[in-house]
Amino acid sequence: MAFSSSIRLLGSLIVMLLLPMHINSADPDPLQDFCVADLKASASLNGFPCKPAEEVTSNDFFFDGLSKEGNTTNIFGWSVTAANVLSFPGLNTLGISMNRVDFAPGGLNPPHSHPRATETGVVIEGKLLIGFVTTSNVFHSKVLSAGQMFVVPRGLVHFQLNVGEEKALLFTAFNSHFPGSAVAPTTLFASTPPIPNQVLTKAFQVGEDTIKTIKSKFGS
């Protein structure tokens with residue numbers, strides 16, 4: 001009898017321990033229809049404060065920025081137009097956003113990561129080599145054409161390269177209203193203040209002249 005009681009007590013303790021983990025495993029249900037961002041205020045833990053309801057207009061729920069082709073005349077030959085909470089305040093707290101990515105022939109969306117979101121996308125025009133690297137240093141990639149889709153798990157380094165002869169167009173979506181982007185070349189070689197050369201020479205096993213040459217390409 002004592003043994004049976006001990007088993008029941010142990011079972012009850014396990015349930016009590018697991019119950020809070022289950023409750024906290026998902027975002028809380030919203031208490032309002034929407035929370036249009038008040039961009040004049042500072043961002044808090046989960047987004048911007050809500051704009052007063054009387055100041056909300058229909059324009060807060062519509063965004064036409066993705067209809068415009070980006071300027072790809074830069075060293076990478078690409079352009080990204082972001083529809084996140086900063087440009088589209090109606091997305092605030094909803095956990096979604098999108099990008100339009102334009103590529104010149106040979107254009108590259110350089111290796112980067114999104115610390116706060118998984119990315120999925122569909123090629124609209126052209127032919128793109130899309131790849132990412134896992135935390136085990138396994139490289140996954142495929143050439144996609146119009147209508148084909150991909151996914152990159154949260155936080156993993158990835159890129160897109162236009163391997164076609166014409167320009168390319170890609171639309172991407174994220175499960176965050178502000179996914180963030182850490183672009184490897186500019187993060188490492190154009191930070192402010194700059195990363196010390198002795199760190200980069202050791203990390204990449206090259207001479208200081210090589211690091212200085214790379215930094216000069218990014219204006220630092």
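A: In this predicted model, the second largest pocket holds about 280 Å³ of space. It is lined by 19 residues, and those closest to its centre are Val 80, Asn 99, His 114, Gly 180 and Ser 181. Four strands, β1, β2 (97–103), β3 (108–113) and β9 (168–174), each supply at least two residues of this lining. β1 gives the largest share, three residues. By type, the lining divides into eight nonpolar, nine polar and two charged residues.

Turning to the charged pairs, the whole structure has three salt bridges. One joins the side chains of Arg 100 and Asp 102, with N to O at 2.9 Å. Arg 100 counts as buried because its relative accessible area is 8%, under the 20% cut-off. Asp 102 is buried too, with a relative accessible area of 3%.

Another salt bridge pairs Asp 60 with Lys 51 at 3.1 Å, N to O. Here Asp 60 is buried at 9% relative accessible area, whereas Lys 51 is partly exposed at 22%.

Glu 69 and Lys 167 also form a salt bridge, their closest N and O atoms lying 3.4 Å apart. This pair links distant parts of the chain, 98 residues apart: Glu 69 is in the loop between α1 and β1, and Lys 167 is in the loop between β8 (157–162) and β9. Lys 167 is partly exposed, with a relative accessible area of 39%.

Key. Residues numbered from 1 in each chain as written. Predicted model: local features only at pLDDT ≥ 70, side-chain atom pairs only at ≥ 80, totals over all residues. Heavy atoms only, no water. 1 Å grid on protein atoms, 1.4 Å probe; cavity = no way out; pocket = protein on both sides within 12 Å on 5 of 7 lines; lining within 4 Å. Points joined across faces, edges and corners; volume = space filled by probe spheres on them. Nonpolar A, V, L, I, M, F, W, Y, C, P; charged D, E, K, R; others polar. Salt bridge = Lys/Arg side-chain N within 4 Å of Asp/Glu carboxyl O. Buried < 20%, exposed > 50% of the residue type's maximum accessible area, 1.4 Å probe, protein only.
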